[in-house]
Amino acid sequence: METQTTLHDNISALLDGELAQADVELAFAALDTEEGRTAWDAYLRIGHALRSDACGAELSDGFAARLAARLGEEAPLSPPARAGQAQGEGGGAVAPLNSLP
């Protein structure tokens with residue numbers, strides 16, 4: 001499963017022009033598979049959607065608050081404690097989305 005994730009990451013980075021030269025051959029090899037071509041198509045469509053005029057459409061009322069709540073359920077507010085470091089030392093919580101400028 002980790003290899004599959006790496007291949008998808010490489011395909012995505014290739015499309016974004018951010019793939020390290022050392023990984024280009026691996027990405028092209030992945031594109032020779034049905035799964036690789038499917039991933040390429042999906043990432044290509046995502047990129048087109050993000051760059052389209054429709055992406056700037058007005059969001060519904062409360063969208064930012066709902067997004068912040070969902071992200072809060074999935075992502076920790078502070079980084080995990082490092083070995084030998086008590087929780088809360090040296091690292092603060094991430095600011096909620098609605099408090100960012």
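Which pattern does the chain follow when read along the sequence?

**Figure 1. Overall arrangement of the predicted model.** Along its sequence, the chain follows the pattern α-α-α-α. It contains four helices and zero strands. Of the 101 residues in the chain, 12% are buried. The chain exposes about 8100 Å², and carbon and sulfur atoms supply 57% of that area. Among contacts with a separation of 6 or more, 36% are between residues 24 or more positions apart.

**Figure 2. The largest nonpolar core.** Nine residues make up this core: Ile11, Ala13, Leu14, Leu19, Val24, Ala27, Ala30, Leu31 and Ala39. Helices α1 (2-16) and α2 (24-30) each supply at least two of the core residues. In soluble globular proteins, nonpolar side chains tend to be buried together.

Figure 3. Asparagine 10 counts as buried because its relative accessibility is 7%, below the 20% cut-off. When neighbours within four places in sequence are left aside, asparagine 10 is in contact with Leu19, Asp23, Leu26 and Ala27.

**Figure 4. A nonpolar patch on the surface.** Leu59, Phe63, Leu67 and Leu71 form this patch, and together they have about 340 Å² of accessible area. One of these residues, leucine 67, lies in helix α4, which spans residues 63-74. Leucine 67 has a relative accessible area of 34%, and it is therefore classed as partly exposed, a category that lies between the 20% and 50% cut-offs.

Key. Residues numbered from 1 in each chain as written. Predicted model: local features only at pLDDT ≥ 70, side-chain atom pairs only at ≥ 80, totals over all residues. Heavy atoms only, no water. Core = buried A, V, L, I, M, F, W, Y, C linked by side-chain atoms within 4.5 Å. Buried < 20%, exposed > 50% of the residue type's maximum accessible area, 1.4 Å probe, protein only. Patch = residues over 30% accessible without salt bridge, like charges linked within 9 Å, V, L, I, M, F, W, Y side chains within 5 Å. Areas by Shrake-Rupley, 256 points an atom, 1.4 Å probe, with all protein chains shown as cover. Salt bridge = Lys/Arg side-chain N within 4 Å of Asp/Glu carboxyl O. Contact = heavy atoms within 4.5 Å.
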